[in-house]
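Dear colleague,

Please find below the structure that I am handing over to you. My notes on its side-chain contacts follow.

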Amino acid sequence: MPAPGAKASPGQTRFRSSFRNRPGGTGQAVRTLAFFVQLLLNGVIAGATYSLVALGYGLVYGTLKFPNFAHGMVAMVGAYAAFWLSVDPLHLPFLIAIPIAVIVAALVGVLTELVAYRPFRGEARLAPLITSIAAALMIQAVVMLFSSSRILRYQFPTVRGIELGPALITPTQIIIIVSSVALLLLVYLMLRYTKLGKSMRAVADDVTLAELCGMNSNRVISWVFATGAACGAVAGILLGIDTNLSIGMGMSMTVKSFAAVILGGLGSVQGSVIGGFILGIGENLGVWVLPPTWKDSIAFFIMTVGLYIKPTGFYAKPEDAVVLGK
């Protein structure tokens, strides 16, 4: 999910060089297979980050039934906070900077809900939609105030890729996949088995009924925003590790996660995750036949085709179908 101005990841660069230098005697079929496997692997890596951002987006929509267009910007805050803490100006160890940055993003998510959304809860859907766009622009402006529009990189040494059959993968990309899957599983277990997770699901089903049962809906919704922002922040940090940081990454994450949520089904957390992987794999395989500059367009083409097949998304709840005009 490279943001505008992003460079290719070290693994992608090494793969292109390796692919060009393969001996011609291996045959066209072997080279084609290697190219396909590499694109598929890149798609899984991209899908892992898309799914994390879409998970946070889906949590908020599933609870409040409105699109949070500030979600990607909050995730960007986590990525930039990790840079400020670990590279410039504080120079903390990266493993210490990560949890602090995630907490910062979670607090920004809670603050956004408190200031921009809570006063308009219960109003027409247009009101929180407009305030979410305003919140996104404000958060982006604050980040630009501290880092301007420079493209930034975490300071990690370049490492040699690992041959995985006919493909190459870097240790960093392995960490991205493992971290993403582990966090997705952790959130699933939290929603399924913990008291907080059950409260989130109860509020998502019926806020009024949950309050009648003694739940504090405002506190639960704050936890929903904090959890969603934390997932987005981790995705932003992982994206920054694999490529770089730019001021456009927030909007890129917002748009891609929104596409993934629509494809998977509005209101469905599982659908959001699956939609993220479908987009990541689909847009990377699409580069096989189209120029890389079409990568973002491929993702939205996949979303459009998916909606033609099932207009409500593959895992949508019936009550959410009205959002898509059905």
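Phe 36 has a relative accessibility of 29% and therefore counts as partly exposed. Please note that the model is a predicted one. Trp 288 is likewise partly exposed, with a relative accessible area of 37%. The rings of Phe 36 and Trp 288 have their centres 5.4 Å apart, and the pair is tilted because the planes stand at 45 degrees.

Phe 94 lies in helix 4 and Tyr 154 in the loop between helix 5 and strand 1, so the pair ties together parts that are 60 residues apart in sequence. Phe 94 counts as buried at 17% relative accessibility, and Tyr 154 counts as buried at 5%.

Two salt bridges were counted. In one, Glu 113 pairs with Arg 118, with the closest N and O atoms 3.0 Å apart. Glu 113 is buried, at 0% relative accessibility, whereas Arg 118 is partly exposed, at 24%. In the other, Glu 283 pairs with Lys 256 at 3.4 Å between the closest N and O atoms. That pair links helix 11, which holds Glu 283, to helix 10, which holds Lys 256, across 27 residues. Both Glu 283 and Lys 256 are buried.

Yours sincerely

Notes
Residues are numbered from 1 along each chain as its sequence is written. This is a predicted model: local features need pLDDT of at least 70, side-chain atom pairs count only at pLDDT 80 or more; totals for chains, interfaces and linings use all residues. Side-chain values use heavy atoms; hydrogens and water are left out. A salt bridge is a side-chain nitrogen of Lys or Arg within 4 Å of a carboxyl oxygen of Asp or Glu. Buried means under 20% relative accessible area, exposed over 50%, partly exposed in between (1.4 Å probe, protein chains only). Helices (H or I, at least four residues) and strands (E, at least two) are DSSP runs, numbered from the N terminus. Rings of Phe, Tyr and Trp (its six-membered ring) pair if their centres lie within 6.5 Å; planes under 30 degrees apart count as stacked, over 60 as edge-to-face and the rest as tilted.
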